[in-house]
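The sequence and the model come first.

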Amino acid sequence: MLWDVPWEAADCARLGLALFREACLLMGTQLDGTIGHVVDTPPMTPQWQTHPAKRQAVLEAAGFQLSRMTDRFDWHAPPDRAQTALGHSKNSEHEIVYRTMPEVGEAAFVDAIERVSRFTFDQYIVQERQAKGAAAQAEEMFRDLQRMAHQPKWWQLAYTRDAKLIGLLMPTVSPTYATIGYIGVLPEQRGNGYIHPLLRRATELLLAAGQTYIRADTDQQNKPMAHAFLRAGYRPFASRLEYSLVRSP
């Protein structure tokens, strides 16, 4: 939702709150569930959200709660794209075996999401698991990602040579850019450096599909994932505050 008022005006908070409440009423006449809104710093297209502190104050006055703080990363294909072709991935360093969704089926992916999300640093996933239960949260996340553009063969589960699950990667494409979607390593497999070949794999799959610009978000508490993005050549370009308002019928 695009939302702006003359923030330099003395009564900007009152105007902003009135406008926001009216928008929520219009949205909520036939809507129950959760309404979300984000504030990005620095301001960027298409919202150009200047005066973030004033925006936050209005959101909180309207009953919105801060649900997550994320760091945003992006990646641009290098001039010589052949340097990062899929065939040159160093997956042999961990001898990882990848199996695509058509090979393993949807149920295996839902189960993997549930297992990867245990002990996650992502506060939104933690909240969703607590509110809905681990199985329901995993199923809902899978269906949400499934609605985004993707090729089934992009979604892959990673295994050790002795068939133990390591993690998963689920890259997608939005209307304006490609995204990492969801990626993660099982809690019992963490600390072995597996996230690096998995992230490289997801990046290369999108690159091989013709995507040259990729974005990814990670919870600010997820320092290992942020480190993995930096190591893979992703650039931090913004921070995001995610707000939510629960609507009842």
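Leaving out neighbours within four places in sequence, Leu 186 contacts Arg 115, Val 116, Leu 165, Ile 166 and Gly 167. Contact here means heavy atoms within 4.5 Å. Leu 186 sits in the loop between β6 (178–185) and α7. It is buried, because its relative accessible area is 0%. Buried stands for under 20% relative accessible area, exposed for over 50%, and partly exposed for values in between (1.4 Å probe, protein chains only). Leu 186 and Ala 112 are 74 residues apart in sequence, yet their C-alpha atoms are 8.1 Å apart in space.

**Basis of the model**

The model is predicted: local features need pLDDT of at least 70, side-chain atom pairs count only at pLDDT 80 or more, and totals for chains, interfaces and linings use all residues. Residues are numbered from 1 along each chain as its sequence is written, and side-chain values use heavy atoms, with hydrogens and water left out.

The pLDDT is the predictor's confidence in each residue, on a scale from 0 to 100. The chain averages 86, and 86% of the residues score at least 70. Residues 82–89 fall below 50; that stretch has 10 contacts in the model beyond near neighbours in sequence.

**The chain as a whole**

The secondary structure comprises 8 helices and 8 strands. Helices (H or I, at least four residues) and strands (E, at least two) are DSSP runs, numbered from the N terminus. Of the 249 residues in the chain, 44% are buried. Among contacts with a separation of 6 or more, 74% join residues 24 or more positions apart.

**Two helix pairs**

Two packed helices are described by the angle between their axes and the distance between the axes. Axes are lines fitted to C-alpha atoms, for helices over the stretch in contact, and angles run from 0 to 180 degrees between N-to-C directions.

| Helix pair | Angle | Axis distance |
|---|---|---|
| α4 (106–116) and α6 (134–146) | roughly 120 degrees | within 8 Å |
| α7 (195–208) and α8 (223–231) | about 55 degrees | 10 Å |

Angles under 35 degrees count as roughly parallel, over 145 as roughly antiparallel, 65 to 115 as roughly perpendicular and the rest as oblique. α4 and α6 are therefore oblique to each other. α4 passes α6 in a right-handed crossing. A crossing is right-handed if the near helix is turned clockwise from the far one by less than a right angle, and left-handed if anticlockwise. On the α4 side, the contact uses Glu 106, Phe 109, Val 110, Ile 113 and Glu 114. On the α6 side, the residues are Ala 134, Ala 135, Ala 138, Glu 139, Met 141, Phe 142, Arg 143 and Gln 146. By class, this contact has 8 nonpolar, 1 polar and 4 charged residues. Nonpolar covers Ala, Val, Leu, Ile, Met, Phe, Trp, Tyr, Cys and Pro; charged covers Asp, Glu, Lys and Arg; the others, Gly among them, are polar.

α7 and α8 are also oblique. Their crossing is right-handed. Ile 195, His 196 and Leu 199 of α7 meet Met 225, His 227, Ala 228, Phe 229 and Arg 231 of α8. The classes in this contact are 5 nonpolar, 2 polar and 1 charged.

**Charged residues that are buried**

Glu 242 belongs to strand β8 (residues 235–247). It counts as buried, because its relative accessibility is 14%. Setting aside residues up to four places away in sequence, Glu 242 touches His 37, Val 38, Gln 65, Leu 66, Ser 67, Arg 68 and Thr 70.

Arg 55 is in helix α2. Its relative accessible area is 0%, so Arg 55 is buried. Arg 55 lies 17 residues from Val 38 in sequence and 10.0 Å from it in space, C-alpha to C-alpha.

**Backbone points to check**

Thr 41 and Pro 42 are joined by a cis peptide bond, with omega about 0 degrees. Pro 42 lies in the loop between β1 (33–41) and α2 (52–61).

Phe 119 is not a glycine, yet its phi is positive, at about 60 degrees. Phe 119 is in the loop between α4 and α5 (123–132). Its relative accessible area is 68%, so Phe 119 is exposed.

Ala 163, not a glycine either, has a positive phi of about 70 degrees. The loop between β4 (156–159) and β5 (165–173) holds Ala 163. With a relative accessible area of 58%, Ala 163 is exposed.
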